[in-house]
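User: Can you walk me through this one? I want the packing and any covalent links.

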Amino acid sequence: IDMCDTFILDLIGQVHEATALGWIKHDLRKDRDDDDDHGKRDGDDKGKKKGHDKDDDEGDDAGDDCDLSDEDKQLPGAAKSIIKKLTKVRRECMRGKFGSAREKLRALSKQVNAQRGKHLTEEAYALIRFNAEFLLEKI
């Protein structure tokens, strides 16, 4: 549990660094939580195509930014979404719900794959994907 907690907190810090380096970009067309909200409003099912399970973030729609600090709320949508997912993985690990944590990590990997070359540079993609895979193997 301690390794999971420390690792995820470090990875969240690395997401901040990746954003500062320009590896995670703002979407100028829409500055919201990228694909994180798809499939949650008005019967929109688009998010399911990108690996967002129906119960991935169940019950966490509009008020989901409560998991974010004021600093995090200023980040690009892709970075906010990644941090929210990592925070949820961390919470599940702390509760001992490792199966749920693994499912959330798999959803994160699918999101990162979908954002590769769009909002995530190759550096950000590799950083997040390979760290998520490492954690997935350890829990």
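User: How do helix 1 and helix 3 run relative to each other?
Analyst: Helix 1 and helix 3 are roughly antiparallel, a label for angles over 145 degrees, with under 35 counted as roughly parallel, 65 to 115 as roughly perpendicular and the rest as oblique. Their axes cross at roughly 175° and come within 9 Å. Axes here are lines fitted to C-alpha atoms, for helices over the stretch in contact, and angles run from 0 to 180 degrees between N-to-C directions. Helices are DSSP runs of H or I with at least four residues, strands are E runs of at least two, and both are numbered from the N terminus.

User: Which residues make the contact?
Analyst: Helix 1 contributes Cys4, Asp5, Ile8, Leu9, Leu11, Ile12, Val15, His16 and Thr19. From helix 3 come Ala79, Ile82, Ile83, Leu86, Thr87, Val89, Arg90, Cys93 and Met94. Contact means heavy atoms within 4.5 Å.

User: What should I know about the model itself?
Analyst: It is a predicted model, where local features need pLDDT of at least 70 and side-chain atom pairs count only at pLDDT 80 or more, while totals for chains, interfaces and linings use all residues. Numbering starts from 1 along each chain as its sequence is written, and side-chain values use heavy atoms, with hydrogens and water left out.

User: Covalent links, then. How many disulfides are there?
Analyst: The count is one disulfide, taken as a pair of cysteine sulfur atoms within 2.5 Å. Cys4 and Cys93 form it, with their sulfur atoms 2.5 Å apart. The link is right-handed, with 60° about the S-S bond.

User: Which parts does the Cys4 and Cys93 pair tie together?
Analyst: Cys4 sits in helix 1 (residues 2-20) and Cys93 in helix 3 (residues 77-94), so the pair ties together parts 89 residues apart in sequence.

User: Are Cys4 and Cys93 buried or exposed?
Analyst: Both Cys4 and Cys93 are buried. Buried means under 20% relative accessible area, exposed over 50% and partly exposed in between, with a 1.4 Å probe and protein chains only.

User: What about helix 1 and helix 5, how do they run?
Analyst: Helix 1 and helix 5 are also roughly antiparallel to each other. Their axes come within 11 Å and cross at roughly 175°. Residues of helix 1 in this contact include Met3, Phe7, Leu11 and Ala18, and among those of helix 5 are Leu127, Asn131, Phe134 and Lys138.

User: How many aromatic pairs does a search of the whole structure find?
Analyst: The search finds one aromatic pair. The rings of Phe7 and Phe134 have centres 5.2 Å apart and planes at 35°, so the pair is tilted. Rings of Phe, Tyr and Trp (its six-membered ring) pair if their centres lie within 6.5 Å; planes under 30 degrees apart count as stacked, over 60 as edge-to-face and the rest as tilted. Phe7 is in helix 1 and Phe134 in helix 5 (residues 122-138), 127 residues apart. Phe7 is buried at 17% relative accessible area, whereas Phe134 counts as partly exposed at 35%.

User: And His16, what does it touch?
Analyst: Not counting residues up to four places away in sequence, His16 touches Glu71, Asp72, Leu75 and Ile83. His16 and Glu71 are 9.8 Å apart, C-alpha to C-alpha, and 55 residues apart in sequence.

User: Back to the overall picture. How many helices and strands are there?
Analyst: The protein chain has five helices and zero strands. Of its 139 residues, 45% count as buried. Among contacts between residues at least 6 apart in sequence, 69% join residues at least 24 apart.
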